[in-house]
Amino acid sequence: MTQDGSHVTIEGARAPVVAGVRAVARTKPSAFIESLSGDADRTQLVVSAASEREAEALATRVIAAMQTAGFT
């Protein structure tokens, strides 16, 4: 497996094979917000991405949007 930025290439025996088809998969950053222990006043932001830098950038954008919407 090789990674170039957000592009990941899987080669060899681990690569999925479909006759006549070549595919490139790209990871997509995601985030979700959940309450802690059922308390809506306490939330946790969970972010995932291909790199730590992408995850940090997404977290920053989500936090800014939450603060704009009135979360403190």
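How do the residues of the lining of the second largest pocket divide into nonpolar, polar and charged? They comprise four nonpolar, three polar and two charged residues, where Ala, Val, Leu, Ile, Met, Phe, Trp, Tyr, Cys and Pro count as nonpolar, Asp, Glu, Lys and Arg as charged, and the others, Gly among them, as polar.

The model is predicted, so local features need pLDDT of at least 70 and side-chain atom pairs count only at pLDDT 80 or more, while totals for chains, interfaces and linings use all residues. Residues are numbered from 1 along each chain as its sequence is written, and side-chain values use heavy atoms, with hydrogens and water left out.

Helices (H or I, at least four residues) and strands (E, at least two) are DSSP runs, numbered from the N terminus. Of the 72 residues, 11% are buried (under 20% relative accessible area, with exposed over 50% and partly exposed in between; 1.4 Å probe, protein chains only).

The lining of the second largest pocket is formed by Ala40, Asp41, Arg42, Thr43, Ile63, Met66, Gln67, Phe71 and Thr72. Strand S5 (39-48) and helix H1 (52-68) each give two or more residues to this lining, and S5 gives the most, with four.

Ser35 lies in strand S4 (residues 30-36) and counts as partly exposed because its relative accessibility is 36%. Beyond its neighbours within four places in sequence, Ser35 is in contact (heavy atoms within 4.5 Å) with Ala40, Arg42 and Thr43.

Key: On a 1 Å grid over the protein atoms alone, a cavity is a set of points where a 1.4 Å probe fits but cannot get out, and a pocket is an open set with protein on both sides within 12 Å along at least five of seven lines; lining residues have an atom within 4 Å of a point.
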